[in-house]
Amino acid sequence: MDWTWFHRFGSPPHLYGLAGKLTPWFAWPAALLILAGLYGGLALAPPDYQQGDGFRIIYVHAPSAWLSLMAYTWMAAAAAIGLVWRMKVAHAVAASCAPIGAWFTVAALCTGMLWGKPMWGTYWVWDPRLTAELVLLFLYLGYIGLRSAIEDPQRADRASAVLAIVGVVNVPIVRYSVEWWNSIHQAPSVMKFGKPSISWPMLTPLLIMFVGFTLLFVALMLVRARGEILRRERQSRWVSEVVAQ
Amino acid sequence: MSDAWQAAKLVIERDLRLAFRNRGQLLHPLLFFAIVTTLFPLALSPEPSRLRDVAPAVLWVGALLSSLLAIEFLFREDAQDGTLEQYALSGRSLTWLLFAKTVSHWLLAGLPLALMSPVAAYGLAVSPDAMPGIIGSVALGTIALSLLGAVSAGLTIGIKRGGALLSLLTLPLAVPLLIFGAQATARAIEGGNMAAPMYFLGAFAVLGITLAPLAAAAAVRISME
């Protein structure tokens, strides 16, 4: 099998150009889908018979929570690729996933707290899923902290890659350990086998938001990865050519 | 006795001998544990029933924090004087040698902590019947903790003021140990059946023994580049 297409990803100028070309293809659909999803969720969907309009925060909360986990998986996958094939740009991608994932985690926590105040009567409870999300935030911060503490960039890449992989083994364990307390969190209403327990007018905008947020994540990651590649390759000639243009 | 066992035995013997020549360092984490557990009755109240309620939490948070102190010293001197580099160049599997090193670390940090926890527990008004269970749960939980610590210690070799970073890396990953460890200790104090949390601690120890030395060896190699 011909692997040149794979090795071309390893070339920083190639990936820089490719990421630049791909960004609008993710960013515009993301913007349109998020706008459509917000309109559908905030205006068209009927209020919940129990929670009233309060439930609408789910349209931001659930996609953020989903992306906080997905960004971590992407980060670990990119880190593993960088570690195994010694691919510098993969480390650049992993490094650019971390802050985005951390902010999605913060967004999921904050929207959850805003929802919790009227529904549970308090901003914070030690509910398993909240706790797992908080631990995930600490994992992101540890990764970012380790990366910034090591001065040599290559060592920082490889050491933080090991940490990301160790974390990926541990995230499910943390998740299931904290499930052992009794949960007062909403039972999952979308990712359920069989029929989802929410009605279609409510569900459709949510699914649109899921797709929109995922595309937004990819677009943000591409932009950040471009910046990261430029910063790392600032000594090389192709960067000065790109910047001169 | 095969070569690999011989090498592991030598590593463990060396670590134990060095540790006993420098006993002060060995005692610091234990003293820290003793002091932290003493602070709780002073801050909370000397009433036995309240102390007994918080005893598992106090014991496990104290154990986690004091083993962080011990983990900081796990690789520090060996990295400074070049021993770790010799291990890496010795032609033996670095994974295996680091596993041996983690075993000696558990013997020097985890086991003493487990043996000391009944004293702290007694101070927290726990009845003597619960002591075997407490020793068992702390001993089992610190196995996985030592292995986890070996990975983060390997990652932070050579970082100046790495102590705070070490806690940031280790503590979130240690959450499952804290949950099941404290649960096992709580069951021991109530006199309940502690099989389920102990099985979990055992499973974490096995998982740690399987994977953590590999990750620690990778981390040490990267840190020495």
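Mentor: Helices are DSSP runs of H or I with at least four residues, strands are runs of E with at least two, and the elements are numbered from the N terminus. One such element is helix α5 of chain A (residues 128–149), which holds A:Leu141. The model is predicted, with pLDDT of at least 70 required for local features and 80 or more for side-chain atom pairs, while totals for chains, interfaces and linings use all residues. Residues count from 1 along each chain as its sequence is written, and chains are lettered from A and ligands numbered from 1 in the order written.

Trainee: Why is A:Leu141 called partly exposed?

Mentor: A residue is buried with 20 or more other C-beta atoms within 10 Å of its own, exposed with 12 or fewer, and partly exposed in between, C-beta atoms being placed from the backbone. A:Leu141 has 16, so it falls in the middle class.

Trainee: What does A:Leu141 contact, leaving aside neighbours within four places in sequence?

Mentor: Contact requires C-beta atoms, placed from the backbone, within 7 Å. A:Ala102 and B:Leu168 meet that for A:Leu141.

Trainee: What makes α1(B) oblique to α6(B)?

Mentor: Axes are lines fitted to C-alpha atoms, for helices over the stretch in contact, and angles between N-to-C directions run from 0 to 180 degrees. The axes of helix α1 (residues 3–21) and helix α6 (residues 94–123) of chain B come within 9 Å and cross at roughly 40°. Under 35 degrees is roughly parallel, over 145 roughly antiparallel, 65 to 115 roughly perpendicular and the rest oblique; α1(B) is therefore oblique to α6(B).

Trainee: Which classes of residue make up the contact of α1(B) with α6(B)?

Mentor: Ala, Val, Leu, Ile, Met, Phe, Trp, Tyr, Cys and Pro count as nonpolar, Asp, Glu, Lys and Arg as charged, and the others, Gly among them, as polar. Residues meeting there include B:Asp15 in α1(B) and B:Lys101 in α6(B). The contact has 13 nonpolar, one polar and two charged residues.

Trainee: How many residues does each chain give to the contact between chains?

Mentor: Chain B gives 19 residues and chain A gives 22. On the chain B side, α10(B) supplies the largest share, six residues. That side has 17 nonpolar, one polar and one charged residues.

Trainee: What makes a set of residues a nonpolar core?

Mentor: Its members are buried Ala, Val, Leu, Ile, Met, Phe, Trp, Tyr and Cys residues joined through C-beta atoms within 7 Å. The largest core has 143 residues, and A:Cys97 is among those touching the most other members. Helix α3 (residues 58–85) of chain A gives this core its largest share, 15 residues.

Notes
Two residues are in contact if their C-beta atoms, placed from the backbone, lie within 7 Å.
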